[in-house]
Amino acid sequence: MSLLEVRGLTKRYERFTLDHVSFSLEPGRIMGFIGRNGAGKSTTMKTMLNLVHKDAGEVWINGRDFTKNETLCKGEIGFVMGEFDCYKKSTLKTITEVTKRFYPSWDEDAYRGYLKRFRLEEDKKVSELSAGMKVKYALALELSHNALLLILDEPTSGLDPVSRDDLLDVFRTVIEDRTRSILFSTHIISDLEKCADDITYIHGGKILATCDVESFRNAYLLVSGDREWLDALKPILVGYKPNAFGFTGLIRAENRDRVQGLKTAPADLESIMIYTEQEGEHEQTAL
């Protein structure tokens, strides 16, 4: 059974529509949620959690309809939106004492364990924490009420490479028991290469692809050649960039037979996103 199922989620604004977004996440997996600024990542997360009223669609958490079981479902979700930056003058101890009153399932032993693991000191004020430590504290709070699903909006944004790498190690540790899952949005594609099991790619409010990382990569190939090939290949190029030696572009793997004689190479996540975003119009890619 999926821990998270999003079915046809729709939200209409005057100039933007979140258009029948659907994807699912199994227990024990990390899903990277990618797309350029304004693609609908944050809108999807907020609409999923009823922080923004949806126009259509369903969200199921651990086999329960979120709309009909919102309080119960929210008790099983941990939501971290960027850096924890509220109550700057309060100590962690004060914030924790208030927070745990809202969760009957609060596990004090687990909380103490996360404090130790993340090297957090309760007498520190929020303003005294580094950006990475703020994210770890927010995670400690959510994990200590036994959240099964962590939904994280740009958790590594603004962190230095060492702090990001440390946080990604924490993500892998969190899902080790195969009962929890993580959905996190990011613009830092190298983070996905290190820890994501699955990818969901959104563009202009529509899902282009949702699948495991390997299948996503294998669906595309990088191709390069002389300029004389360009006009003939444009119909099958997802995107391309001319250069001094000719061009480099992206094709879908099923078109490999049409580029015989040209140089090809496996596509990485960043290249797929860069070339895909050059397209004017897209259709959902079933992978």
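Author: Five of the six residues of strand 11 (residues 220–225) are buried, so this strand is largely enclosed by the rest of the structure. Here buried means under 20% relative accessible area, exposed means over 50%, and partly exposed lies in between, with a 1.4 Å probe and protein chains only. Strands (E, at least two residues) and helices (H or I, at least four) are DSSP runs, numbered from the N terminus. The model is a predicted one: local features need pLDDT of at least 70, side-chain atom pairs count only at pLDDT 80 or more, and totals for chains, interfaces and linings use all residues. Residues are numbered from 1 along each chain as its sequence is written, and side-chain values use heavy atoms, with hydrogens and water left out.

Strand 11 pairs with strand 13 (residues 246–252) in the antiparallel sense, over six bridges; two strands pair if DSSP finds at least two bridges between them. Within this pairing, valine 223 stands opposite glycine 249 in strand 13. Strand 11 is also antiparallel to strand 14 (residues 263–266), with four bridges between them. There, leucine 222 faces its opposite residue, alanine 265, in strand 14. In a regular strand the side chains alternate between the two faces of the sheet.

Other strands form an open sheet of six, in the order 6-7-8-3-9-10 and with mixed pairing. Strand 6 (77–81) and strand 10 (206–212) stand at its edges with a single partner strand each, so one side of each has no neighbour in the sheet. On average, neighbouring strands of this sheet are turned by 15° against each other, direction ignored; the axes are lines fitted to C-alpha atoms, for helices over the stretch in contact, and angles run from 0 to 180 degrees between N-to-C directions. Histidine 203 stands opposite lysine 206 of strand 10.

A further set of pairings involves strand 4 (56–61). Strand 1 (residues 4–12) runs antiparallel to strand 4 and is joined to it by five bridges, with leucine 4 opposite isoleucine 61. Strand 4 is also antiparallel to strand 5 (residues 64–65), over two bridges, and tryptophan 60 has aspartate 65 in strand 5 as its bridge partner. Two residues lie between the strands of this hairpin, in which asparagine 62 takes a positive phi near 50°.

The loop between helix 1 and strand 4 contains aspartate 55. Aspartate 55 is partly exposed, with a relative accessible area of 37%. In sequence, aspartate 55 and histidine 20 are 35 residues apart, and in space they are 9.9 Å apart, C-alpha to C-alpha.

In helix 1 (residues 41–48), the residues Lys41, Thr44, Met45, Thr47 and Met48 are buried. Seen down the helix axis, these buried residues fall within an arc of 165°, so they line one face of helix 1; the arc is that of the directions from the helix axis to the C-beta atoms. Just after helix 1, asparagine 50 takes a positive phi of about 65°.
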